[in-house]
Amino acid sequence: MADGVRAVEAALFAAKEPLGLTDIAAYVGEGVDVRAALAELSDHYAGRGIELVERGARWHFQTAADLASVLRREREESRKLSRAAVETLAIIAYHEPVSRAEIEAIRGVQISKGTIDVLMEAGWVRPAGRREAPGRPLTYATTQEFLTHFGLASRRDLPGIDDLKAAGLLDPVDLAFDRLVGEGDEEAELETGDEDA
């Protein structure tokens, strides 16, 4: 393994957080082809106990997903998010940057103050600036930690509606309503067709 590749490996291993290409280049110097080194390291670690992954244009080492259970000595107590928090997180992820008023308009109900606070404490949501509109509302967006936690390289990897339907993750009431609305449209077409005849 070349010295440049070893230097990139060492920089990533010692980093406290994922590094972007410019961060890595700052550590290893200009003479190293960082992209080529990352490709070589990624191939080298493929199928091993740790792997080199890219999340949101940042690189880091992580335990291979299939070995996570081996390393857990005691079960982590995970805090389950409320339905309101899950819906809010989904709205922010799919529509970011988005203001509180826009989240409430999509959900159809007001958000309690603590909902966004919980998501920010988890490190998944961050303030994303203010919108140039009356009142200059604060907008929210997802974080690098959100991508890392959910194993996404970027927001483009979020599942689409067809993926969610196939996985059975959409609310059956919503699907039944959609079918009912579709049947109502067909009946309306039949009734208008009968009048014309």
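The model is predicted, with residues numbered from 1 along each chain as its sequence is written, local features needing pLDDT of at least 70, side-chain atom pairs counting only at pLDDT 80 or more, and totals for chains, interfaces and linings using all residues. Side-chain values use heavy atoms, with hydrogens and water left out.

**Nonpolar cores**

- The largest nonpolar core has 17 residues; a core here is a set of buried Ala, Val, Leu, Ile, Met, Phe, Trp, Tyr and Cys residues joined through side-chain atoms within 4.5 Å.
- Leu89, Ile92, Ile103, Leu119, Val125 and Phe146 have the most contacts inside this largest core.
- Helices (H or I, at least four residues) and strands (E, at least two) are DSSP runs, numbered from the N terminus.
- There's also a second, separate core of 15 residues, including Val5, Val8, Ala37 and Tyr45.
- Leaving aside residues up to four places away in sequence, Ile103 touches Thr88, Ile91, Ile92, Val98, Ile111 and Ile116, where contact means heavy atoms within 4.5 Å.

**The sheet**

- Three strands make an open, antiparallel sheet, in the order E3-E5-E4; two strands pair if DSSP finds at least two bridges between them.
- E3 (98–99) and E4 (125–130) are the edge strands, each pairing on one side only.
- On one side, 2 bridges join E3 to E5 (residues 138–142): Val98 has Tyr140 as its bridge partner, and Ser99 stands opposite Thr139.
- On the other pairing, E4 and E5 run antiparallel over 4 bridges, with Arg130 opposite Leu138.
- E5 is largely enclosed by the rest of the structure, because 4 of its 5 residues are buried; buried means under 20% relative accessible area, exposed over 50%, and partly exposed in between (1.4 Å probe, protein chains only).

- Leu67, Val70 and Leu71 make a nonpolar surface patch of about 280 Å².
- Patch residues have over 30% relative accessible area and no salt bridge; like charges are joined within 9 Å, and nonpolar side chains (Val, Leu, Ile, Met, Phe, Trp, Tyr) within 5 Å.
- A salt bridge is a side-chain nitrogen of Lys or Arg within 4 Å of a carboxyl oxygen of Asp or Glu.
- Accessible areas come from the Shrake-Rupley method with a 1.4 Å probe, and for residues only the protein chains shown count as cover.
- Leu71 lies in helix H4 (residues 68–71) and is exposed, at a relative accessible area of 55%.
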